[in-house]
Amino acid sequence: MAAPLALVLVVAVTVRAALFRSSLAEFISERVEVVSPLSSWKRVVEGLSLLDLGVSPYAGAVFHETPLIIYLFHFLIDYAELVFMITDALTAIALYFAIQDFNKVLFKKQKLLLELDQYAPDVAELIRTPMEMRYIPLKVALFYLLNPYTVLSCVAKSTCAINNTLIAFFILTTIKGSAFLSAIFLALATYQSLYPLTLFVPGLLYLLQRQYIPVKMKSKAFWIFSWEYAMMYVGSLVVIVCLSFFLLSSWDFIPAVYGFMEHPIFFMFIQIAIIAIFKSYPTVGDVALYMAFFPVWNHLYRFLRNIFVLTCIIIVCSLLFPVLWHLWIYAGSANSNFFYAITLTFNVGQILLISDYFYAFLRREYYLTHGLYLTAKDGTEAMLVLK
């Protein structure tokens, strides 16, 4: 699988390099769908200029990036395009190996449940096979690297891409079972944006499963491990924040940057989607991260109810974003309500899409234990209603 992944990486880098050299790069970097005041490359450049002049970037109210990002690009400003291409490549590679390991764990768990007769006898068609799961990691990398949202974020040099990389490595280290590295990457992601804090619980649940520690309040091992993981996470976060203080000799960055169970990986996927939908100043780069996980749940497609309609809504909204923005800002033939309406429709479409995946997941889990063909007491076909 190394050769197909390398080919996808080459194609993705070529597409990005071509767009960086085209006249579209500047246009894309100005798009409000792609960058926000929190992730704009122009804000980073402005912060670097202020830093070079000996002025704190956080003295005003226009710069919201973290100190570590400023100092990273202080040394790599001339290689910014390369940095963002490498960032996207690292995200895809991390997701590839994370899903590869996750599929192995999932298959072993499924095999064990089959041996213990935990599944209903008529659900053979719902059981996932190694051949079916073989190409899922490659599809995930493909979905991320060649997703137009990801490409646009990279070409615009949105710092959202860096946050996606940190979350991807958090997922990889969590699935690998490394509590220490998982805590560090989650701390780094939280440092960049407070929203990944909500990933603490699914990460902890997965690590508990890896350690075969029961999630029980009366279990001593559960509390010990939870405390250790929490301390590693908080400790890493404190070290990162203190490092930022030593770089700037000031705490000014804090208000400027932060003013504003059983299936923990699926829980993590849902949580990343919720963050992308409800965060302040969302961009298409946030959407691209959770969309990369769609191939992981391809076994749910048969249970999705509105996938075609919702896909059409998301595609049409994506095409209408620049049109309505132009009509509002440049042509003057529309007002802000037009653009607001299309962003609202886009978010409603995302909410319904994630709700559909949640429904499909619960429905499949129910069928696995109760049987695919349900019958009522009188022998007639029963209807499953989830409440």
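Predicted model: local features only at pLDDT ≥ 70, side-chain atom pairs only at ≥ 80, totals over all residues.
## Basis of the values

Local features are taken only where pLDDT is at least 70, and side-chain atom pairs only at pLDDT 80 or more, while totals for chains, interfaces and linings use all residues. Residue numbers start from 1 along each chain as its sequence is written, and side-chain values use heavy atoms, with hydrogens and water left out.

## Domains and their interface

The chain is divided into domain 1 (1-175) and domain 2 (264-370), with bounds that come from an automatic or database domain assignment. Their C-alpha centres lie 18 Å apart. On the domain 1 side 39 residues take part in the contact, and on the domain 2 side 35 residues; contact here means heavy atoms within 4.5 Å.

The size of an interface is often given as the accessible area lost when the parts come together. Domain 1 and domain 2 bury about 3,200 Å² between them, with 71% of it on carbon and sulfur atoms. Buried area is the accessible area (1.4 Å probe) that two parts lose on being put together, summed over both. Glu33, Leu126 and Tyr149 lose the most area in domain 1 to domain 2, together 23% of what that side buries.

## Nonpolar core

The largest nonpolar core holds 118 residues, of which Phe73, Ile171, Tyr229, Phe269, Tyr290 and Trp297 touch the most other members. Helix α5 (residues 80-115) supplies the largest share of this core, twelve residues. Domain 1 and domain 2 each contribute at least three residues to this core. Such a core is a set of buried Ala, Val, Leu, Ile, Met, Phe, Trp, Tyr and Cys residues joined through side-chain atoms within 4.5 Å. Buried means under 20% relative accessible area, exposed over 50%, and partly exposed in between (1.4 Å probe, protein chains only). Helices (H or I, at least four residues) and strands (E, at least two) are DSSP runs, numbered from the N terminus.

Leaving out residues up to four places away in sequence, Phe269 touches Tyr290, Phe293, Phe294, Trp297, Ile354 and Tyr357.

## Annotated segments

An unreviewed UniProt entry lists several stretches as "transmembrane region", including residues 230-251 and 337-359. UniProt positions follow the numbering used here, feature names are shortened, and annotations may be inferred rather than shown by experiment. Residues 230-251 are 86% helix and 0% strand, with end C-alpha atoms 24 Å apart. For residues 337-359 the values are 100% helix and 0% strand, with the end C-alpha atoms 32 Å apart.

## Buried polar residues

Arg16, in helix α1 (residues 2-20), counts as buried because its relative accessibility is 1%. The side chain of Arg16 makes a polar contact of 3.0 Å with that of Asp88. A polar contact is a pair of N or O atoms within 3.5 Å; within protein, one must be able to donate a hydrogen and the other to accept it, and residues adjacent in sequence count only if both atoms are side-chain atoms.

Ser158 sits in the loop between α8 (148-155) and α9 (160-176) and is buried, at 0% relative accessibility. Its side chain is joined to that of Ser39 by a polar contact of 3.4 Å.

## Positive phi in loops

Lys157, also in the loop between α8 and α9, has a positive phi of about 55 degrees although it is not a glycine. Lys157 counts as buried, at 17% relative accessibility. Asp117, in the loop between α5 and α6 (130-134), has a positive phi near 55 degrees and is exposed, with a relative accessible area of 66%.
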